Amino acid sequence: MTGNMIMDYSLLILFLPLAAFVIQIFIGKRLPRQGDWVAIGAVVTTLILSIAMFTSMLIGQEPQFAQEASFTWLNMGAFKIELGFLVDNITITMLLVVALISSMSHIFSVKYMEGDIRYSRYFAYLGFFTFSMNGIVLANNLVSMYMFWELVGVSSYLLIGHWFEKASAADAAKKAFLTNRVGDIGFFIGILLIFSTLGTFTFSEIFDSIAAGKMGGTLLTFAGVGLFLGAMGKSSQFPLHIWLPDAMEGPTPVSALMHAATMVAAGVFLCVRLFPLFTPDALIVMAYVGGFTAIFAATIAITQNDIKKVLAYSTVSQLGYMILAVGSGAYIAGFFHLVTHAMFKACLFYGSGSVIHAMHHALHKKHDHETDPQDMRNMGGFKEKMPITYWAMLISTLAISGVPLFSGFLSKDAILAGTLSFATHQPIHFLLPVFGFGAAVITAFYMFRLIFMTFHGKPQMAELYDDIRESPREMTFPLILLSTLSVFIFYTLPYFNPFSDHGWYTELIVASDAAVPGNPTSHFIAEGIHHAHYPAMAISLIVAALGIFLSWSMYFKKKISADDWAQKLKPMYNLSLNKYFFDENYNRFLYQPFLKLSSLVAYIDWDLYDKYFINGFGRVTKVFSFFTGRMDYDGLDQTIIDGIGRSVRHTGGALKFLQTGRLQNYLLFALLGVVVIVLVQSF
Amino acid sequence: MDSLNTYLFIAAILFSLGLFGVITRRNGVAVLMGIELILNSANLNFLAFAKFGGMNMSGHIFALFVIIMAAAEAAVALAIIINIFKNFHTINVDDVQGLRQ
Amino acid sequence: MIDAVFWFIVLLTLGSAVTVVLHQKLLYSAIALLFTLFGVAALYIFLWADFLAGVQVVIYVGGILVLIIFGIMLTNRISSVNISHTSVQRGIGGLAVLGVLSILGIMILNTPWHQADYVEPTQTTASIGTLLMMDYLLPFEVTSLLLLAALIGAVMLSRRGE
């Protein structure tokens with residue numbers, strides 16, 4: 001594929017969904033079937049184009065392939081902003097992921113959102129999101145990345161709040177956007193620090209400048225941490241993780257697309273793209289934040305009863321894994337996990353969507369509007385009734401738990417190897433692998449808990465059970481496709497070793513060296529990973545088995561009673577169930593004081609400043625104008641203007657005596673006049 | 001003292017006196033008398049210039065005509081005064097104030 | 001000797017003129033006017049205008065003064081011979097007149113009059129007659145018209161009623 005074709009395809013991939021958005025927004029409602037075929041058509045075309053690009057990448061076998069094209073957006077002499085595309089192997093892979101999951105979401109939504117009151121608008125927003133996400137993927141500079149970053153945040157807001165009549169959905173949308181913005185402040189500061197020092201926004205130029213030593217040390221660390229803050233917000237890392245669980249208020253296809261596979265992955269993508277500019281200090285911060293998030297979110301997931309919330313915290317935890325990978329230097333492994341996670345997490349979400357859909361139907365039939373269709377405690381034994389859903393979700397759960405033969409095993413293994421090698425070289429950071437392996441245990445545990453509670457055992461609400469049925473084709477098709485893609489083989493082609501990640505991915509997507517002088521080279525990191533590979537694999541297998549066994553005995557065999565343990569560890573159970581009271585504490589210590597501050601400021605502005613100062617001005621002006629008016633009317637008009645008139649009249653009246661009507665008087669005046677004139681003349 | 005200036009001065013004094021009479025006297029006939037004085041002073045001037053100023057006989061002719069004018073004018077003026085007396089029953093020019101504002 | 005007479009006549013003329021304008025009683029003013037006119041006629045003689053002196057006496061004294069006295073008589077109650085009346089605005093009038101007089105005086109003194117040699121004319125009457133018929137014929141005729149008009153006018157004005 002020629003360079004030009006690549007760029008043309010990229011342009012099409014970027015703008016087709018935007019066109020679909022525009023069409024759907026303006027005339028969607030009037031099209032047949034409310035225009036969902038417009039959106040689906042655009043996205044599937046994108047998918048075809050990205051498959052074409054991907055195929056050419058596989059054929060070309062160029063690990064260092066990179067194409068860049070930019071145009072000058074703003075040129076003010078000394079200040080120039082250039083925007084453009086960067087297409088390399090990472091970009092092509094990511095484009096494929098986005099296109100695939102987006103198409104799946106579109107198809108899934110046809111049945112899931114059937115009869116929704118804002119059907120066409122929903123598809124429009126999906127198209128808008130796809131456009132924004134592709135923008136992030138294709139960006140070659142910080143400015144356009146930031147622009148599309150914000151656009152993605154907007155689409156998230158619009159889609160989470162799709163059912164905005166529900167107060168909780170509207171609040172969740174706001175929360176998502178605002179938390180994102182907090183992270184974006186850091187992002188923006190990072191951008192500014194880089195621009196003010198290096199004078200450019202383009203990635204390649206930044207990397208070159210840093211390698212040349214133009215920026216370094218604390219300043220670069222701060223810039224790196226700032227940029228990472230943006231990733232923290234977008235990828236829901238601790239402490240900005242609060243929005244992702246609430247974002248489950250949106251429709252499930254949206255959750256699958258954005259909050260599992262793509263949007264939240266944008267933060268990881270940013271870190272992967274900008275890896276060369278992170279200093280060791282920034283990377284350490286990243287690693288600890290990611291590692292802590294991984295284990296922290298996992299501990300919350302084990303007690304949650306809402307099926308989507310479990311998946312949400314699972315996503316947070318997995319994102320932590322990816323960030324941990326980038327921080328440890330194994331950023332290619334992190335990206336690998338991003339790709340595999342997109343597949344199986346989206347599949348899990350679609351599965352949960354399928355289950356919820358079935359529950360909705362059953363409850364609706366029974367005219368039951370109080371029971372929560374998403375609560376796992378109301379499910380149970382769905383395995384027979386929804387076989388396709390069951391098998392798809394089981395495959396995905398096996399993948400996420402890191403069981404061999406599945407994709408998740410390969411990617412997780414790579415990450416854990418990365419952390420292990422990092423800790424080997426710097427033993428002080430021993431916590432990182434502890435976080436990693438600990439989270440693996442817990443992940444396996446709660447994911448299988450979900451499977452057992454939903455699909456196995458006795459149905460908890462027997463009256464519903466009869467009406468539960470498998471979902472329609474449009475919903476099961478994505479399930480089948482994505483669960484298939486969660487098998488190891490698609491990532492190890494053309495090799496077939498399930499225990500080695502050696503395949504097209506590792507051959508084509510290679511790490512580049514860090515640009516920061518003094519950072520370990522990619523070669524060094526790869527060596528370390530290679531050495532730690534087998535120990536990590538062994539430990540992860542043990543750990544996964546432990547988690548599955550625990551879950552199996554608690555929820556399948558019911559040998560260990562979950563409730564007893566919950567009672568025994570009541571305080572910890574409570575903490576976990578209530579997400580460590582994060583939202584409550586944030587509210588008490590952050591939101592309320594800030595709201596109080598704003599109301600104080602508002603009071604000062606409205607009741608003090610406006611009332612006294614501004615109105616005072618008004619009153620003074622009024623008094624002043626009253627006096628000027630008086631001066632003008634009474635003084636000027638009456639006295640002076642009228643006065644002139646009056647005095648003229650008086651003078652006239654006074655001079656009336658001259659007109660005596662007597663001839664001799666006139667004559668006298670004439671004489672006097674003559675005398676005066678002559679006198680004046682002679683002088 | 002037979003010089004031009006003498007006669008001119010005399011004429012000037014006569015003129016002023018006549019003017020005084022015109023503007024001061026209340027009686028219409030008295031006003032008329034003042035006018036006659038003025039005319040006479042003018043005549044005196046003419047004749048003085050006729051002798052001293054080289055006008056010769058032209059001055060005399062002029063003075064003659066002035067006298068004739070005076071006669072005509074006196075006749076008409078007296079006729080008017082008599083009419084005023086008939087209408088206003090007074091010949092105090094003060095009392096004829098129809099044009100008063 | 002001639003000078004004394006001259007100044008006497010001047011005094012007479014001016015004194016009578018003062019009386020004309022200042023005297024309270026109208027008839028006395030008229031008599032004073034008579035003397036003034038006579039004095040002026042005498043001054044004419046001094047100016048070698050003997051014909052005009054005669055004309056002055058005849059027309060002014062004989063015609064106009066008589067008319068004036070007629071006017072006085074006709075416009076007052078006959079019963080009261082003392083026809084007295086006051087004057088008005090004497091003060092201001094006097095000032096104005098004094099002003100005029102001073103102007104005239106200053107003018108007379110300052111103007112360089114064109115003075116030519118004077119020769120006593122031999123025949124004034126003949127020259128006046130000749131001039132009237134020759135150089136000033138038109139004014140002569142116009143004057144006669146004027147007199148006619150004045151005559152008719154005066155008669156018209158003084159008719160009774162109708």
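**Helix 14 against helix 15, chain A**

In this predicted model, begin by selecting helix 14 (residues 331-365) and helix 15 (residues 387-401) of chain A. On the helix 14 side of their contact, display A:Phe344, A:Lys345, A:Cys347, A:Leu348, A:Gly351, A:Ser352, A:Ser354 and A:Val355. Facing them from helix 15 of chain A are A:Thr389, A:Ala392, A:Met393, A:Ser396, A:Thr397, A:Ala399 and A:Ile400. Colouring this contact by residue class gives eight nonpolar, six polar and one charged residues.

The axes of helix 14 and helix 15 of chain A come within 9 Å and cross at roughly 145 degrees. The crossing of these two helices of chain A is left-handed.

Centre the view on A:Phe335. Apart from neighbours within four places in sequence, A:Phe335 is in contact with A:Ile90, A:Thr93 and A:Met94, with A:Phe269 and A:Val272, and with A:Tyr505 and A:Ile509.

**Chain C**

Chain C contains six helices and zero strands, and its elements accordingly read α-α-α-α-α-α from the N terminus on. The chain has 162 residues, of which 35% count as buried.

Among contacts in chain C with a separation of 6 or more, 60% are between residues 24 or more positions apart. Switching to a surface view, the accessible surface of chain C comes to about 9600 Å². Carbon and sulfur atoms account for 72% of that surface.

**A:Thr476 in helix 19**

Return to chain A for the last stop and select helix 19 (residues 473-484), where A:Thr476 is found. Is A:Thr476 buried or exposed? A:Thr476 counts as buried because its relative accessible area is 7%, and the cut-off for buried is under 20%.

Finally, display the surroundings of this residue. Leaving aside neighbours within four places in sequence, A:Thr476 is in contact with A:Ile388, A:Glu470 and A:Ser471.

Definitions and conventions: Residues numbered from 1 in each chain as written. Chains lettered and ligands numbered in written order. Predicted model: local features only at pLDDT ≥ 70, side-chain atom pairs only at ≥ 80, totals over all residues. Heavy atoms only, no water. Axes fitted to C-alpha atoms, helices over the stretch in contact; angles between N-to-C directions. Helix = DSSP H or I, 4+ residues; strand = E, 2+ residues; numbered from the N terminus. Left-handed = near helix turned anticlockwise from the far one by under 90°. Contact = heavy atoms within 4.5 Å. Nonpolar A, V, L, I, M, F, W, Y, C, P; charged D, E, K, R; others polar. Buried < 20%, exposed > 50% of the residue type's maximum accessible area, 1.4 Å probe, protein only. Areas by Shrake-Rupley, 256 points an atom, 1.4 Å probe, with all protein chains shown as cover.
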